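Reader: I am new to this kind of picture. Could you walk me through how to read it?

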Amino acid sequence: MGGLATAARLVAKGAKVVVLEKYLLPGGSAAHFKRDGYTFDVGSSMMFGMGHEGTTNLITKCLETVGRKMETVPDPTQVVYHLPKSDRFPKGLHVSVWRKYEEFLDELAQRFPAEREGIKKFYDECWKIFNSLNVLDLKSLEEPRYLLGEFAKQPLACLTLASFLTTNTGDVARKHIKDPELLRFIDIECFIWSTVSADLTPMINAGMVFCDRHFGGINYPVGGVGRIGEELAEGIVEYGGHVVYKANVKEIIVEGPLDGERRAVGVRLADGRVFRGKTVISNATRWDTFENLIGPDKLPESEKLFRKRFKKSPSFFSLHMGVKAEVLRGETDCHHILLEDWGKMEAARGVLFVSIPTVLDPSLAPPGHHIVHAFTPDWIDNWKDLSPAEYVSAKEQLADQICERLEAIFPGLRAATTFRDAGTPRTHRRYLNREDGTYGPIPSRRPLGMLSMPFNTTDIRGLYCVGDSAFPGQGVNAVVFSGFGCAHRVLADLGMEPTWPLLDSAFGKLLSTVRNAS
Ligand SMILES: Cc1cc2nc3c(=O)[nH]c(=O)nc-3n(C[C@H](O)[C@H](O)[C@H](O)COP(=O)(O)OP(=O)(O)OC[C@H]3O[C@@H](n4cnc5c(N)ncnc54)[C@H](O)[C@@H]3O)c2cc1C
């Protein structure tokens with residue numbers, strides 16, 4: 001999706017663009033696939049950034065860039081949490097994150113009455129960030145002319161964001177909240193999209209996620225999430241770009257000495273075809289881009305640093321199910337989170353994510369049926385060295401365990417299941433072409449807020465990275481943001497966006513010095 005967003009922004013500005021996609025369809029982790037009359041989202045179903053106001057609705061804006069508009073259905077809740085039992089919550093802690101901010105705050109405060117004030121203060125801090133972001137024209141943070149322009153237009157917003165640049169969410173949460181169980185809740189609020197606790201989640205990212213959901217940003221695209229990528233790809237072609245499927249890039253062609261200036265000049269596909277261009281943009285993960293497409297012996301210094309600061313998050317085990325609709329009668333919430341033991345929040349197979357997109361768009365399933373997509377973090381190592389029979393049986397076993405757990409929130413689900421298809425981290429690796437099937441980079445130690453995350457440029461001239469391995473990280477709206485930044489920086493480097501070259505190069509050096517030292 002990051003690559004499509006970049007391509008959309010580039011073609012709209014008149015650049016000549018070729019998108020090379022290994023798979024048969026666009027969208028990667030945000031694509032869909034069809035089986036037995038069902039349209040299943042590969043991964044994402046919770047679509048932030050699909051609102052109609054402000055500037056953070058980047059998916060909507062990206063579609064508009066290439067003349068596209070999608071019909072959407074508003075999610076009544078972002079998610080419903082079903083969290084562990086405790087003395088205080090003998091039946092478990094259940095919280096709905098309502099679309100209306102006040103309703104959510106009130107529900108959470110009812111669970112933690114002594115923390116009513118702290119809850120409001122914490123989430124209100126998030127709004128400071130969101131309101132600041134939501135007036136800026138979001139582009140490349142690596143382009144000083146644009147940054148100064150935004151500063152001149154919105155000095156307060158820029159200063160507010162700068163004040164949170166190095167802050168992590170856990171620090172802000174602890175400033176306002178003392179109850180350990182509520183702090184765990186804030187942890188899982190972060191974990192469900194960053195896959196790390198609040199202490200490792202940059203506050204700026206939290207500000208975006210915790211407010212867009214109440215600002216009207218979460219809306220489900222009719223026809224399924226995969227339609228977003230398809231619409232973008234069609235728009236790119238309409239604007240004169242090319243999208244080539246079954247184009248498996250095996251090598252990024254880099255010229256120049258290892259100890260001198262190196263430049264990316266094109267790519268070579270598995271079938272031998274070579275595409276040359278002024279710019280190469282990789283939407284593969286940083287591990288795939290540098291180790292697999294360039295070579296592990298040719299790692300630039302900044303990439304070595306990245307590997308020290310970030311590690312691969314686990315992949316997912318995904319269970320796509322078709323169920324008889326009557327078992328979910330009255331259900332209106334698309335997303336649920338189930339965790340039975342706080343100690344397992346960050347463990348493989350701990351948190352269970354559930355999406356039921358058919359409560360928003362029934363056309364995705366045959367009449368009288370719903371889709372239930374349940375997925376849980378899992379490591380590829382759990383699926384190595386298995387014979388084909390062992391692999392199938394391990395999949396069945398884990399799928400059964402997940403169905404058993406789901407009975408707690410949807411009694412009768414197992415008996416009502418008419419279709420079941422499971423994907424393991426190996427499936428994610430194979431079909432998404434992501435090393436170890438990883439969901440993306442996570443910090444290996446406390447990050448310096450969002451300053452630690454790499455942006456789009458790399459140490460190799462003409463080579464840019466986009467997607468969840470670049471700022472601001474995982475999530476569809478986030479990778480579209482990285483696409484906006486990438487396209488802007490590329491256009492500036494190609495002379496198609498105005499820049500101040502001297503300031504540009506000085507700022508680039510300063511930025512990498514600060515980031516390398518941070
Ligand atoms: C199970 C799951 C659930 C999720 N749920 C949500 C959610 O509810 N909401 C949300 O916002 N986000 C969610 N996400 C995260 C979100 O989907 C991703 O962060 C985002 O889509 C990643 O986009 P990307 O552009 O970085 O990369 P990818 O989606 O990995 O896309 C990269 C593309 O590049 C192609 N490619 C890679 N290598 C090559 C090569 N060598 N040659 C040619 N093509 C290549 C791939 O085929 C793919 O199409 C979820 C992810 C998963 C896995």
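Author: We will go through the domains, then the ligand and its surroundings. Please keep in mind that this is a predicted model.

Reader: Happy to start there. Into which domains is the protein divided?

Author: There are two entries to look for: domain 1 (4-23 + 226-310 + 447-517) and domain 2 (314-436). Their C-alpha centres lie 32 Å apart. Where they meet, seven residues of domain 1 are in contact with five residues of domain 2.

Reader: What does UniProt list for residues 1-491?

Author: The unreviewed UniProt entry gives "domain: Amine oxidase" for residues 1-491. In the model, that span is 36% helix and 20% strand, and its end C-alpha atoms lie 19 Å apart.

Reader: Now the ligand. How many residues surround it?

Author: The ligand is surrounded by 29 residues, and the closest are Gly2, Glu21, Ser29, Ser44 and Arg434. Sorted by class, this shell has twelve nonpolar, 13 polar and four charged residues.

Reader: Why does the ligand lie between domain 1 and domain 2?

Author: Both domains give residues to the shell around the ligand, so the ligand lies between them.

Key. Residues numbered from 1 in each chain as written. Predicted model: local features only at pLDDT ≥ 70, side-chain atom pairs only at ≥ 80, totals over all residues. Heavy atoms only, no water. UniProt positions renumbered as here; feature names shortened; annotations may be inferred. Helix = DSSP H or I, 4+ residues; strand = E, 2+ residues; numbered from the N terminus. Near = heavy atom within 4 Å. Nonpolar A, V, L, I, M, F, W, Y, C, P; charged D, E, K, R; others polar. Domains from an automatic or database assignment. Contact = heavy atoms within 4.5 Å.
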